[in-house]
Amino acid sequence: GIGEACAMAFARKGANIVIAARSIDKLNGVAEKVRKSGVEVLAVQCDVSVKEDCKKLVDQCIAQFGKLDVLINNAGISMRAIFNEMELEVLEKVMAINFYGTVYCTKYAMPHLLKNGGSVVGVSSIAGYLGLPARTGYSASKYAMQGFLDALRTENLKTGLHVMVACP
């Protein structure tokens, strides 16, 4: 998907890559494709809804490469349900991955990104601008992510940090 395409695009430009996902099998498959581009790749099994996993991800990146220039917050899940019929646990899981995953990874990456004048990217959706029917939880998670990144951009106008939201 989008994460693999981003990893390959950065690899074609010669960047070393750190990729993360919950599924180690899929992750290793993408890592092998990236390695064929001739760059170094680190694959880290990570659930972005778990703070400790996000810290481990950033720590392993710094241990391997000594720096972090670009963080792409791409992890996400969707959901389709009319709010009145939806289980709250579904909305909580969507928020944990789509919103809090972005918050956690960004928090641990910030010192490194600020040191290098790096970039934070959030992969969002049109649903982050326009509430869609049967997508209340998903829309809420993307609105929250975009609000967080918009505020982060404003807070860092004079620090050199670049913040971008992409809505493919």
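The side chains of lysine 67 and aspartate 69 meet in a salt bridge, with 3.3 Å from N to O; a salt bridge here is a side-chain nitrogen of Lys or Arg within 4 Å of a carboxyl oxygen of Asp or Glu. By this rule the count comes to 5 salt bridges. The model is predicted, so local features need pLDDT of at least 70 and side-chain atom pairs count only at pLDDT 80 or more, while totals for chains, interfaces and linings use all residues. Residues are numbered from 1 along each chain as its sequence is written, and side-chain values use heavy atoms, with hydrogens and water left out.

**Salt bridges**

- Lysine 67 is partly exposed at 45% relative accessibility, and aspartate 69 is partly exposed at 33%. Buried means under 20% relative accessible area, exposed over 50%, and partly exposed in between (1.4 Å probe, protein chains only).
- Lysine 55 pairs with aspartate 59 in a salt bridge, their closest N and O atoms being 2.8 Å apart. Both residues lie in helix H3 (residues 51–65), 4 residues apart, or about one turn of the helix. Helices (H or I, at least four residues) and strands (E, at least two) are DSSP runs, numbered from the N terminus.
- Lysine 55 has a relative accessibility of 38% and counts as partly exposed; aspartate 59, at 39%, is partly exposed.
- Arginine 153 and aspartate 150 form a salt bridge through their side chains, at 2.9 Å from N to O. They are 3 residues apart in helix H5, so about one helical turn separates them.
- Arginine 153 is partly exposed with a relative accessible area of 29%, and aspartate 150 is partly exposed at 37%.
- Side chains of opposite charge can pair when their charged atoms come close.

**Helix H2**

- Helix H2 (residues 24–35) has 12 residues and reaches 16 Å from its first C-alpha to its last, close to the 16 Å expected at 1.5 Å a residue. The expected span is 1.5 Å times one less than the number of residues.
- The buried residues of H2 are Leu27, Val30, Ala31 and Val34. They cover an arc of only 105° around the axis, so they lie on the same side of H2. The arc is that of the directions from the helix axis to the C-beta atoms.
- Helix H1 (2–12), strand S1 (17–21) and strand S2 (41–45) are among the elements that cover these buried residues.

- Threonine 102 sits in helix H4 (residues 88–116) and is buried, with a relative accessible area of 1%.
- Leaving out residues up to four places away in sequence, threonine 102 touches Asn73, Ile97, Met145, Phe148 and Leu149; contact means heavy atoms within 4.5 Å.

**The loop between S4 and H5**

- Tyrosine 129 lies in the loop between strand S4 (119–123) and helix H5 (136–155). Tyrosine 129 counts as exposed, at 52% relative accessibility.
- Ile126, Tyr129, Leu130 and Tyr143 form a nonpolar patch on the surface, with about 440 Å² of accessible area together. Patches are made of residues with over 30% relative accessible area and no salt bridge, with like charges joined within 9 Å and nonpolar side chains (Val, Leu, Ile, Met, Phe, Trp, Tyr) within 5 Å. Accessible areas come from the Shrake-Rupley method with a 1.4 Å probe; for residues, only the protein chains shown count as cover.
- Alanine 134 is also in the loop between S4 and H5, and is partly exposed with a relative accessible area of 24%.
- Alanine 134 has a positive phi of about 65° although it is not a glycine. Most residues other than glycine have a negative phi.
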